[in-house]
Amino acid sequence: MRRPIIGISANNILDSGEMLHHLPISYTPDGYVKAVQKAGGLPLVLPVGTKDLAKDYISQVDKLILTGGQDVLPKFYKQAKTVQGNYSEARDRFELALLEEALLQKKPVFAVCRGMQLMNVFFGGDLKQELSSFTKILHMQDPVPREQPTHQLLTKGSSILQEIYGEKTSVNSFHNQALNRLSSNLTETALCPDGVIEAVENKKQRLLGVQWHPDFAFEAQPNEMRIFNYVVKKL
C-alpha cells in the first residue's frame, strides 16, 4: 500500500550562522518530518517559492501541512502594523497560494500555529496582533521546555479535536498573536480558558487547524502523536 505523501511547508533563513558558513537555508522543524514518518506518511518539504509553483507542488502531494513560524503580515487582513513583528511576505504569498491550490485540488490541510492564523486570513478572518491586552495567560512559554503543556485546552462536542483529546486537556503554547474575527468558513472547535481560539475545522473541506505545536511534543505527549496519525491516515 502506497504511503500518503504529506507536503510540509518550509521556512527560510537568510543567515544560518557560522557553523553553516552563513548560508541562506530552506528548512522545516524536524518534528513534522519525524511525526509524519512515524504515522506512516512520506514527508515532502515544500520550500518557499513563487506563487506559480504552488499548483505543481500540490499536485505531487496527498495532503498539506502549513507549519508555524513568522507572524502573518497585517496587510493580508487589511490592518496596519501595530506591533514590531517578524514577517516574511514571500512566505505569506507562497503559502496562501499553496492553500488556494489545495482547496482547488480538494487536498486536506492541517495548519499549525501560524498556519492556522494564515488559514483564517485566507478565508477573510483577521488576527489579534498582540495578546497581552486580551489575556493574562502566557501564550509564549519560553523558556519552559517545548514539549511541556502550559495551559488548558477545552474542546467542543462533535469535533475532530474532542475525539482525539477528550473534553479537556493541556497543550503547549508558542504564539504572540491569535485569531480575532473568525472566518465564516471555519468553525472554532477548541478554546483556551481565556477565550483564545485554539483550533478550527471545516469537515467538508477537510481542514484542521491548531494553535499549539504537536510537532514539538509528539514524542512526549501521546495525544500529539494521535493527531499526526489522524492527519496522515484520516483527514
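The model is predicted, with local features requiring pLDDT of at least 70 and side-chain atom pairs counting only at pLDDT 80 or more, while totals for chains, interfaces and linings use all residues. Residues are numbered from 1 along each chain as its sequence is written, and side-chain values use heavy atoms, with hydrogens and water left out.

**Overall fold**

- The chain holds 7 helices and 13 strands, where helices (H or I, at least four residues) and strands (E, at least two) are DSSP runs numbered from the N terminus.
- A compact globule of 235 residues would have a radius of gyration near 18 Å, and the 17 Å of the chain agrees with this; the radius is taken over C-alpha atoms, and the globule rule is 2.2 Å times the number of residues to the power 0.38.
- The C-alpha trace spans about 45 × 40 × 40 Å along its principal axes.
- Of the 235 residues, 51% count as buried, meaning under 20% relative accessible area, with exposed set at over 50% and partly exposed in between (1.4 Å probe, protein chains only).
- Among contacts between residues at least 6 apart in sequence, 66% join residues at least 24 apart, a contact being heavy atoms within 4.5 Å.

**Pockets**

- On a 1 Å grid over the protein atoms alone, a pocket is an open set of points where a 1.4 Å probe fits, with protein on both sides within 12 Å along at least five of seven lines, and lining residues have an atom within 4 Å of a point.
- Grid points are joined across faces, edges and corners, and a volume is the space filled by probe spheres set on the points.
- The largest pocket contains about 490 Å³ of space, and among its 26 lining residues Gly68, Gly69, Gln70, Asn86 and Phe174 lie nearest its centre.
- Two or more residues of that lining come from each of β2 (11–13) and α4 (114–122).
- The second largest pocket contains about 180 Å³ of space, and its lining divides into 5 nonpolar, 1 polar and 6 charged residues.
- Residues lining the second largest pocket include Lys34, Arg146, Glu147, Asp215 and Glu219.

- Strands pair if DSSP finds at least two bridges between them; β6 (residues 109–112) runs parallel to β13 with 4 bridges, and Phe110 has Leu208 as its bridge partner.
- Strand β12 (residues 197–202) runs antiparallel to β13, also joined by 4 bridges, with Val200 partnered by Gly209.
- The hairpin of β12 and β13 has 4 residues between the strands, and Arg206 there takes a positive phi near 55°.

- In α4, 8 of the 9 residues are buried, including Arg114, Met116, Gln117 and Asn120.
- Tyr32 belongs to helix α1 and counts as buried because its relative accessibility is 0%.
- Not counting residues up to four places away in sequence, Tyr32 touches Ile8, Ile65, Thr67, Gly68, Val112, His213, Asp215 and Phe228.
- The C-alpha atoms of Tyr32 and Pro214 are separated by 8.5 Å, although these residues are 182 apart along the chain.

Definitions and conventions
Nonpolar A, V, L, I, M, F, W, Y, C, P; charged D, E, K, R; others polar.
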